[in-house]
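Have a go at each task before reading its solution.

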Amino acid sequence: MANDIQSPPLEPALLAAFRQEGAVILAHERGLTTACRMKLAGVARRLGIGDDQMEAAIKTLTAVEPSAPPNFQAERFRRRLRKDLRGKPRAIIGPTIEAKILASARRKYGLDAALAGQVLAEVTSELGLMRISANDAIQTVAAQIDQAAGNSTWLARETWDRLRSAGSKWGLDVEVIDTLIEERLAANRAAYRQNTFWTDATIRVAVASVVVAALIFGLLIVTRRSATDVGGGSSSASVPATSENRPLSTPKWWDVDLSVEMAHAKSQLDGLNGACVLMASSDASQRAAGYQKLIEHIGEDVRNQETQLATMRIAAGCYALESDDTAATQLRSDLIRRLPAPGSPLPASTVQWNAAFWAADAAGLALNRRGITVARKTALADALAAALSDTVDTSLPARDLQKRLRQLTASAAYRHITSAAANQPAQVAALHPALSKRAAAILPDDEFMRCETAFLVAALPAAGGNWRVYERPLARCVASPDPLPALRLLDALRRGTDAKLIDHLSKQLLVRAGVRPKSSSRSDVIAAVRQSLGAGAALTAADRWISLRDEAMELLEKTSAKDDRELLNDTVTLAHLTTMAVALVQGQAGFALFDAGLSHPPQLAQDLTHGNLPLDEAQQLITDCYRQRAALLALSSSSPAASTSVTDAAKECVAGLAAGLKGDPFVAELQYHQEALRYLAGDSLRYTVALQRLLLELSARRIAMARPERAATARQLAAEALSASAKSNNVLAQLRDQEAALLKLWMLYGPES
Amino acid sequence: MDQNRKRWLARLHLSMPSDKLPVALFACLVLAASSAHAVVVLPKGASQPVMGYMVREDARSIVVRQPLPGGKNRESSFLKKDLDELIITVSPQRLSELTPDKPALYSEYAEELAEKQRDPEARDAAIRLYAIAAARGDAAVRHSALLGLIALAHSAEEARLFRAAAFRFDPHHDDSLLATQGGLMEEFEPSWSAAVKWRGLSPLPELSLERLTEFNPEQCVFRGGKWTKP
């Protein structure tokens, strides 16, 4: 008969209110748990439902009912939240933000905190956002308070404010933070009292003992005048063990920001692999080791943004505030070492670019860090300027300075890989894409294009058959609206050796310039592109020297041929190129002859007879070259036809060079020297060789006078040529090798000889 | 000694200053122990002396290398008891007494040796000493040495080189050095093909006092049987 007494039925309105609130609790607690029942009981009591009716009311919650229609306002709120939060994948929903969202939900959609909170939880979970509860925030801030307060029983106003500020960032009310701080200080005070109780007691006992001993001692003196040795007292100078007994605390020179960062790193970043402990040491050398460890850690895992920012602020703070100059210098060196330096070993992987930019950011933060001394700031700015090869203006606003340092780092990184491009083409090719991507976001467009172009000019010729890895950046530079990159890439075209690269680059540049060259030869392509992109400007002297170098390089690097016909052929070409070099040295006056002559070198006719050396034909061609040379030296201009023979033309060249060397003892004896050589030679062929020797001597002396910085090279070239000629056993080889030496000498006038 | 030997010794005697012949003969005999010296051997009963370089010598015999035409050599062995004379022409002692600060002495000894033109070592030694004197001496010594070299040239080409050098390095630039026998300057072949046809592809030698001969004039001190730099 247990159910004999029936409970009165529940009033529907009351039941509806209970069901509305109870459903939320049930959902939140994920089932009818004990805690849930207790909460439901509280709601029921508040609504005035009697204990006897409570069970029935709870049962109505668990009864299977058709799904309730969705709450229209809640769905609107959900949509709104999704829209607002979707674009912020890194947003963290802290207590403050959550409170604002809930207030907004109540105001705009009439949703209570529980439902709105449930929707918020569902949306943040759906979007993968981080939601920090008040408890999480309190724990983190408490850890920071512990670190900042250490064993202190009081906190300076400034520290207090900093902690409040840090707490606010975590969404905690000021009252909560104050309470946390107060609790921590109260705990410290209690610990202090407990610790000092025994110390005080010991001191009191010790003082009392001393007083008693003194009294006894005095009494003994009074009573026994012949006092002898009085038993030695106990310890007279006991040093209180302070630091040893005190638990690890923060260095005194740390400010609150640094303390907070350190506490954060210690608790959230696993102490940065032990660096935190070392950096908190009272021993400066240990701190320096800690800094080193901190920066080593950067190289290992700098991709984590949180770690990156935290370590950056710690490094900046430590550099600015470090009490020991040696440790600070060590930290500065460690930072600078992370920056790219042309000539140093290339980074092992692209991850190290991150370390370089991290170092630049950390240095930028340090330069603007509160508490940094002028001397330390200047030292860091100087070190940065030296490493990045540019001035560092520390008066710039912090954000601008940071940006500038990142730009300088990107440029330095480009210089680094550009300088290594010739010797380490494969490594450079692997490092370039990551740097290019980063630099494109940092550098201004023109600067980025300049860096890319300079790099490509160095890397393309060195890449050999692997040049295609640069196809995209190459296309980007060629397509730049500014003609300068395309013009600079002409140098890559000049120096390129891979036939496919030359073909590809020629086509790209011709399309960019919108021109058709006279021929597909490299020099014609270069001339056409330059003329077109230079808006009609003529080739510069430097361009011409480079063209000459291109033409001459193969012959100059080639060893003297064994075949007499080939020797003659080489000699004709070399004589022509030497004349072209002499033309360039004359400046504007010689450019016309150069432009006309370089593309039309004289050549011996095909050998149809097989055996007969074309000596007289070669003699005639070389005579023409020497005549042109003499005319360029402005000596035979009055009677250019006078020199009918090769030796006459060569003598005119000798006279022309000698005219510019008046007072030289060699020139004073020149006439007799020439006569003796003519006698010694005995014929035109050998006399030409003899006159070539005079031309070598005179050319070297003229270059030494005009270009003192190249005097030693000129003298050495002439001496080596004469020495080699003396050992030769073939007059044609002498003719060829001496002409090659003459060309080398005259190319010393060029810009990049 | 038969008539031939007497004539030969008379020629040798005439080619040397009379007061120095006994000394030279004595020195040659005393210093014969140093190997690779030029020697003149007069076997008993032979009409012509044998001239060459001493290859080795012991108490009983001597081996002489004779340069033959065409660059070949022939070694001949002689018993000492079968020899009338054994003469070493170039005196190592004289050579070792020469010092670079007195280049005129090189020229003087070269003149003595140049007189023994039939002895190949004497001739080579003379060329070397002239080359040293030309490279290290003053204008007068140089000119004298260069003139001396002309007479010792092995070929017309070499004579041309020595004449050109004598003219080039003579302060007075004596034109007669470059004149042909008729007193005129030599005609000049203007065509390269004709020049090659006439003289082949032989190289143009260097007109330099340092490389005028096959000997390096920097090696101007004779020590331990070798020429070295001071």
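**Exercise 1. Find which residues Leu129(B) touches, leaving out those up to four places away in sequence.**

Step 1: the contacts of Leu129(B) are Leu95(B), Leu98(B), Tyr106(B), Tyr109(B), Ala110(B), Leu113(B) and Trp227(B), where contact means heavy atoms within 4.5 Å. Before you go on, note that this is a predicted model, where local features need pLDDT of at least 70, side-chain atom pairs count only at pLDDT 80 or more, and totals for chains, interfaces and linings use all residues. Residues are numbered from 1 along each chain as its sequence is written, chains are lettered from A and ligands numbered from 1 in the order in which they are written, and side-chain values use heavy atoms, with hydrogens and water left out.

Step 2: Leu129(B) sits in helix α5 (residues 120-136) of chain B; helices (H or I, at least four residues) and strands (E, at least two) are DSSP runs, numbered from the N terminus.

Step 3: Along the sequence Leu129(B) and Tyr109(B) are 20 residues apart, yet C-alpha to C-alpha they're 7.5 Å apart.

Step 4: check accessibility. Leu129(B) has a relative accessible area of 0%, so it's buried (under 20% relative accessible area is buried, over 50% exposed, in between partly exposed; 1.4 Å probe, protein chains only).

**Exercise 2. Work out how α25(A) and α26(A) are arranged.**

Step 1: get the geometry. Helix α25 (residues 564-585) of chain A and helix α26 (residues 588-598) of chain A have axes that come within 8 Å and cross at roughly 150°. Axes are lines fitted to C-alpha atoms, for helices over the stretch in contact, and angles run from 0 to 180 degrees between N-to-C directions.

Step 2: classify the angle. That crossing makes α25(A) roughly antiparallel to α26(A) (under 35 degrees is roughly parallel, over 145 roughly antiparallel, 65 to 115 roughly perpendicular, the rest oblique).

Step 3: list the contact. From α25(A) come His576(A), Leu577(A), Met580(A), Ala583(A) and Leu584(A); α26(A) brings Gly590(A), Phe591(A), Leu593(A), Phe594(A), Gly597(A) and Leu598(A).

Step 4: sort by class. The contact of α25(A) with α26(A) has 8 nonpolar, 3 polar and no charged residues (Ala, Val, Leu, Ile, Met, Phe, Trp, Tyr, Cys and Pro count as nonpolar, Asp, Glu, Lys and Arg as charged, and the others, Gly among them, as polar).

**Exercise 3. Find the polar contact made by the side chain of Thr579(A).**

Step 1: Thr579(A) is in helix α25 of chain A. With 0% relative accessibility, Thr579(A) counts as buried.

Step 2: the touching residues are Cys625(A), Gln628(A), Arg629(A) and Leu632(A), with those up to four places away in sequence not counted.

Step 3: the side chain of Arg629(A) is the polar partner of the Thr579(A) side chain, at 3.2 Å. A polar contact is a pair of N or O atoms within 3.5 Å; within protein, one must be able to donate a hydrogen and the other to accept it, and residues adjacent in sequence count only if both atoms are side-chain atoms.

**Exercise 4. Describe how α21(A) packs with α22(A).**

Step 1: helix α21 (residues 483-495) and helix α22 (residues 499-513) of chain A pack at about 155°, axes 10 Å apart. So α21(A) is roughly antiparallel to α22(A).

Step 2: the contact of α21(A) with α22(A) splits into 9 nonpolar, 1 polar and 1 charged.
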